Amino acid sequence: MPDNEHEGKVAFITGGGRGFGKAFGTALSRSGAHVVLADIDGDAAAAAAKELTTHGGRATGVACDVADEAAVGAVIGEVADRHGGLDILVNNAGLHAAFNRPFTELGLPAVRRVFEVNVMGVVICSLAAREAMSGRAGASIVNISSSAAYANRSVYGVSKLAVRGLTVSFAREFAADGIRVNAIAPGLIFTDTVRAELSRSEVDRVLGEQILAREGREQDIVEALLYLVSAKAGFITGETLRVTGGFALSV
């Protein structure tokens, strides 16, 4: 049953065409928000939005590369003009498993692209959304980091470590605008994509380092997102919430 906490609010979700992004959009739509699913694959975003509207939600799908400053500014500006502002930004778009390799193996072109999307994408979208979110009650940005940010074994992990840093910096800079900024660091979550991309040995390694002896589920991350954008988290900003089953736990 929907709780309608986000009735009348507008959420912009990057990487919204599939995976976590689509799941976030589904959950926020069920709680009353109009969700804008932005994805470099415009067809996937449109299909996901159509699916949500078919089930009674309010959703729009748009094509957008988060590393393209002009495109992001135009899309977020259009959303703000159409809906009168923006309440929730989820910086979910990112490059993943194929880039979970050392710098010395990946090569500079691929390294550059990872940082353009995973790091500069967060910067570009957050700065573009700030004015549209400023002064709106409950305004909240949630960035998607990773448990890999605590292990730092790869280009991907370092990019997600940077997301943790950006979360703190933007929390400080945007506080005067009434915008909270937090992050989620998912552990190994068994989506279809993960099952297809990761070897059994890598899966076993991560599960062996968890404290909780079960696979992470997409809903675990969705629940964390719903909490961070809710009034219950109104005194929380600048934090990265690990949802990892205890993977890479540290003090």
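1. In this predicted model, Ala 185 stands opposite Arg 242, a residue of strand 7. Strand 6, which covers residues 180–186, is joined to strand 7 by four bridges, and the two strands run parallel.

2. These two strands belong to an open sheet of seven strands, arranged in the order 3-2-1-4-5-6-7 with parallel pairing. Strand 3 (58–63) and strand 7 (240–243) are the edge strands, each of them pairing on one side only, and from one strand to the next the twist averages 15 degrees.

3. Two helices may be described against this sheet. Helix 3 packs on the sheet and touches strand 1, strand 2 and strand 3, with a direction that makes about 165 degrees with that of strand 1. Helix 5, for its part, lies across strand 1, strand 4 (88–91) and strand 5 (140–144), and runs at about 180 degrees to strand 4.

4. The largest nonpolar core has 33 residues, and those with the most contacts inside this core are Phe 12, Leu 86, Leu 89, Met 133, Ile 141, Ile 179 and Val 181. At least two residues of this core come from each of strand 1 (10–14), strand 2 (34–39), helix 3 (69–83), helix 5 (108–133) and helix 6 (155–174), while the largest share, nine residues, is supplied by helix 5. Apart from this core lies another, of 27 residues, which includes Ala 11, Phe 24, Leu 28 and Ala 49.

5. Leu 86 deserves a separate look. Leaving aside residues up to four places away in sequence, Leu 86 touches Val 10, Ala 11, Phe 12, Ile 76, Val 79, Ala 129, Ala 132, Met 133 and Arg 136.

Technical notes
Residues are numbered from 1 along each chain as its sequence is written. This is a predicted model: local features need pLDDT of at least 70, side-chain atom pairs count only at pLDDT 80 or more; totals for chains, interfaces and linings use all residues. Side-chain values use heavy atoms; hydrogens and water are left out. A nonpolar core is a set of buried Ala, Val, Leu, Ile, Met, Phe, Trp, Tyr and Cys residues joined through side-chain atoms within 4.5 Å. Buried means under 20% relative accessible area, exposed over 50%, partly exposed in between (1.4 Å probe, protein chains only). Contact means heavy atoms within 4.5 Å. Two strands pair if DSSP finds at least two bridges between them. Axes are lines fitted to C-alpha atoms, for helices over the stretch in contact, and angles run from 0 to 180 degrees between N-to-C directions.
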